[in-house]
Amino acid sequence: MALEREIREAIREKQFVLHYQPILDLTSREIKGFEALVRWKHPERGLVLPYEFIPTAEETGLIVFIGDWVLHEACQAMARLHARCRSDDLPFIAVNIAPQQFLQSDFVAYLRKVIEDTGVPPHCLKLEVTEGVAILDADRTRRVLEECRGIGVRTGLDDFGTGYSSLSYLHSLPFDTIKIDRSFIAALDQPKSRKIVHTILDLAINLDLNVVAEGIETTDQQAALTAMGCDMGQGFHLGLPLEEKTAFSMLPQAE
Ligand code: G
Ligand code: G
Ligand code: MN
Ligand code: NA
C-alpha cells in the first residue's frame with residue numbers, strides 16, 4: 001500500500017513533528033500542561049494531520065515506531081520546557097499512547113529508559129489511552145497502568161464517554177485523570193448533555209479523579225464547565241495545538 005510505504009519512509013526520514021496544545025486550570029486560567037499531538041511534515045503535501053495516517057499506522061503496526069519516537073521527543077521537549085520554569089511549578093506533558101504500543105511487552109522498560117535519558121520528573125508525564133486498550137487486553141492494561149503508577153507516571157482515560165463500557169474500566173483500572181470527550185462539550189447547550197457532564201464530574205470527584213474537558217470552543221462552554229466545578233480544560237478557545245516554541249511561549253518565563 002502506497003501510504004504504508006510513505007509512512008515507513010517518514011519514520012526513516014524523521015518527518016514527524018509534535019505540536020502542543022495547552023491544558024488550563026479553568027478557575028485560575030493558568031496553563032498546567034500541554035498535550036503533544038503528532039503531525040507529519042510531508043515533503044509534498046505539507047502538514048498532514050493524524051486522522052490521515054494514524055489508522056494506517058495502527059493497521060500496519062507502524063504506530064509503535066511512531067509512538068516510541070513521540071514519547072521520546074515529548075519528554076525531550078518537556079526537559080526544554082522545564083529548563084525555563086520554576087522548579088516548584090512544573091507543567092506536565094500528556095502523550096497519546098496507541099493500544100498496540102501500550103501493550104508491547106517492553107513498553108514499560110522503554111518508558112523507564114526515556115525518563116532516564118531525558119531526566120524528566122515522572123509525575124510530569126501523563127500517558128493518555130483510550131478504552132480500546134482495555135478491550136484488547138484488560139488484565140495486561142491493568143498491570144501496565146500499575147507499573148506506570150509504580151514509577152510515578154500518571155495516566156488518563158481519553159475520549160471518556162464515547163466507548164462501550166467506560167464505567168467498568170474506571171472501576172477496574174487505576175487512572176489518575178479522565179478526559180471528557182469533546183462531543184459532550186459541543187452539546188453543552190442541551191440540557192441532556194449538561195446533565196451527563198454534571199454526572200461525569202460527580203463521578204470523578206467521588207472516585208478522586210482529575211478531569212479535563214476537551215474541545216472547549218466557546219466562552220459559554222468554558223463558563224459552564226467552570227461553574228460546574230470542572231478542574232481543567234482544553235480546546236481551540238483556550239489554545240490551539242502549536243509548534244513547540246510558540247506553544248511554550250504562552251507560559252510565563254521564570255526569573
Ligand atoms: O491532532 P488531532 O486532533 O488531529 O488528533 C487526532 C487524533 O489523533 C486524536 O484522537 C489523537 O489522540 C490522535 N493522536 C494525536 N497525536 C498522537 C500520537 O502522538 N499518538 C497517537 N497514538 N495518537 C495521536
Ligand atoms: O483524541 P484526542 O483527545 O487525543 O484528540 C485530541 C484532538 O482534539 C487533537 O486532534 C486536537 O487537534 C483536537 N482538538 C483540540 N481542541 C479542539 C477543539 O476545541 N475542537 C475540536 N473540534 N477539536 C479539538
Ligand atoms: Mn488525547
Ligand atoms: Na480525547
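How many bridges join strand β7 to strand β8? Before we get there, note that this is a predicted model, in which local features need pLDDT of at least 70, side-chain atom pairs count only at pLDDT 80 or more, and totals for chains, interfaces and linings use all residues. Residues are numbered from 1 along each chain as its sequence is written, while chains are lettered from A and ligands numbered from 1 in the order in which they are written.

Now back to the strands. Four bridges join β7 (residues 177–180) to β8 (residues 210–213), and the two run parallel. Two strands pair if DSSP finds at least two bridges between them. Helices (H or I, at least four residues) and strands (E, at least two) are DSSP runs, numbered from the N terminus. If you find T177, you'll see it opposite N210 in β8.

β8 has another parallel partner, strand β9 (residues 232–233), and here there are two bridges. This time V212 stands opposite M232 in β9. To get from β8 to β9, the chain passes through helix α11 (residues 219–227), making a right-handed β-α-β crossover. Right-handed is the word if, with the strands pointing away from you, the path from the first strand over the helix to the second runs clockwise.

Let's turn to the ligands. A residue is near a molecule if its C-beta atom, placed from the backbone, lies within 6 Å of it. The shell around ligand 1 includes L37, V38, Y51, I63 and P241. Helix α3 (63–82) and strand β2 (31–42) each supply at least two residues of that shell, and α3 gives the most, with three.

What about the classes of residue? Ala, Val, Leu, Ile, Met, Phe, Trp, Tyr, Cys and Pro count as nonpolar, Asp, Glu, Lys and Arg as charged, and the others, Gly among them, as polar. By that count, ligand 1 has 10 nonpolar, two polar and no charged residues around it. The shell around ligand 2 divides into four nonpolar, five polar and five charged. Of its 14 residues, G215, E217, G235, F236 and P241 come nearest.

Finally, two loop residues to look up. K14, in the loop between α1 (2–12) and β1 (16–25), has a positive phi near 50° although K14 is not a glycine. K14 is exposed (12 or fewer other C-beta atoms within 10 Å, all placed from the backbone; 20 or more would be buried, and in between partly exposed), because its count is 10. R29 sits in the loop between β1 and β2, and its phi is also positive, about 65°. R29 counts as exposed too, because it has 11 C-beta neighbours inside 10 Å.
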